[in-house]
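Colleague: I would like to go through this model with you and learn how to read its main features. Please take them in turn.

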Amino acid sequence: MHISQTLKTVEFPSFIFNASGPRCTTQGELLKIAGSSAGGITMKSCSPEARQWNPEPRYIEVDMWSINSMGLPNHGYKKYLEYAAEIKKQFPNKPIIASIVWFCPEDFFLLIKAFQEDKNVDVLEVNLSCPNVVGKPQIAYDFETTDELLQQIFALGITKPIGFKLPPYFDPVHTEMMANILKKYPVDFITCINSVGNTLIIDPETEQPLIAPKWGLGGLWGDYVKPVALANVRMFYKMIWDKTKIIWCGWIKNGIDVFEHLLAGASLVQLGTVFGKEDTDCFERIESEFIEYASSKGYSDISEIIWNLKEL
Ligand code: RRO
């Protein structure tokens, strides 16, 4: 089965790798991903200065779902430049994706320039959808601001593959509004979707929310989020397939989930919760489950599956 993929000029030996989220904050965690069968290494979303974790409990997971409010913990962007140098030294053939978060314009452009100019980072993923920082909105729900930001980003003269991590949209009219903005710029990829932001789960026994930060509100993943992710991938692909690739990030438990998302239009796949739970073994497991399932249906190349969803 042919499972390599490219983003602009960057080659991924496998289209399956980690999402910016669990187990990608420290240099040790990142090196472990690089040494696994993951096709690339996504680093934790970073800010200009280091940030601490939100207070506990900040993450609860059961079989069907997880809720998180980690709070964008990271070591500050300068550390991720150092980590990227070490990863590249040991694993020169694995692409490194820097995940950059928006706080205020000056800091944001400083980070984008730093990763653009760095010789070790291969791909820039701009996170426009973190739901867990008090007082900071999920930018990609504000279409006007997103348009202005993209205009300013591309004015910097970006040459590396660059993409944007989006929140879920629940109305195709909104998907279309965002697609129309993306189409104005040379966007190489979008990552669909971030968690469903600002949800609340209550424990009736204790009469408390399950997580502490932000009045109990947090980002939701789960079996019932997968159809939202699938719909976002399908609708975006329909609107922007000719110029922008889609990375799917959205509750993958097994190889068949991966197969479904390729059918909906994803070209690459990021693992989040499952990676948090199983560690790097999940990359090999899910890749071989996918290969077994796709081969049993007669496919020999992922390009034959992408956007091959049959109409009813
Ligand atoms: O760190 C987090 O709390 C977090 C981030 Br940056 C994000 O983009 N999405 C999410 O669900 N959690």
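Colleague: What share of the contacts with a separation of 6 or more comes from residues 24 or more positions apart?

Modeller: In this predicted model, residues 24 or more positions apart supply 74% of the chain's contacts at a separation of 6 or more.

Colleague: What radius of gyration would a compact globule of 312 residues have, and what does the chain have?

Modeller: A compact globule with 312 residues would come near 20 Å, and the chain has 18 Å, so the two agree. Along the principal axes, the C-alpha atoms fill a box of roughly 50 × 50 × 40 Å. Of the 312 residues, 58% count as buried. The chain exposes about 13200 Å², with carbon and sulfur atoms supplying 54% of that area.

Colleague: How many side chains are positive and how many negative?

Modeller: There are 29 positive and 38 negative side chains, and the centres of the two sets lie 4 Å apart.

Colleague: Now the secondary structure. How many helices and strands does the chain have?

Modeller: The chain has nine helices and 16 strands. Strands of a sheet pair through backbone hydrogen bonds, either parallel or antiparallel. Here eight strands form an open sheet with parallel pairing, in the order 3-16-15-10-9-8-7-4.

Colleague: Which strands stand at the edges of that sheet?

Modeller: Strand 3 (16-18) and strand 4 (41-42) do. Each has a single partner strand, so one side of each is left without a neighbour in the sheet.

Colleague: How should I read the two faces of a strand?

Modeller: In a regular strand the side chains alternate between the two faces of the sheet. For strand 16, L268 and Q270 lie on one side and V269 and L271 on the other, and all are buried.

Colleague: Are the faces of strand 8 covered or exposed?

Modeller: Both are covered: V123, E125 and N127 on one side, L124 and V126 on the other, all of them buried.

Colleague: How many bridges join strand 7 and strand 8?

Modeller: Strand 7 (residues 96-101) and strand 8 pair over five bridges, in the parallel sense. Within this pairing S99 stands opposite E125.

Colleague: Let us finish with a loop residue. Where does L72 lie, and is L72 buried or exposed?

Modeller: L72 lies in the loop between strand 6 (65-68) and helix 2 (77-90). Buried means under 20% relative accessible area, and L72 is at 3%, so L72 counts as buried.

Colleague: Which residues does L72 touch?

Modeller: Leaving out residues up to four places away in sequence, L72 touches K44, S45, R51, V101, F103 and V133. By contrast, L230 is 158 residues from L72 in sequence, with 25 Å between their C-alpha atoms.

Methods:
Residues are numbered from 1 along each chain as its sequence is written. This is a predicted model: local features need pLDDT of at least 70, side-chain atom pairs count only at pLDDT 80 or more; totals for chains, interfaces and linings use all residues. Side-chain values use heavy atoms; hydrogens and water are left out. Two strands pair if DSSP finds at least two bridges between them. Helices (H or I, at least four residues) and strands (E, at least two) are DSSP runs, numbered from the N terminus. The radius of gyration is taken over C-alpha atoms; the globule rule is 2.2 Å times the number of residues to the power 0.38. Buried means under 20% relative accessible area, exposed over 50%, partly exposed in between (1.4 Å probe, protein chains only). Contact means heavy atoms within 4.5 Å. Accessible areas come from the Shrake-Rupley method with a 1.4 Å probe; for residues, only the protein chains shown count as cover. Lys and Arg count as positive and Asp and Glu as negative; His and the chain ends are not counted. The place of a charge is taken as NZ of Lys, CZ of Arg, CG of Asp or CD of Glu.
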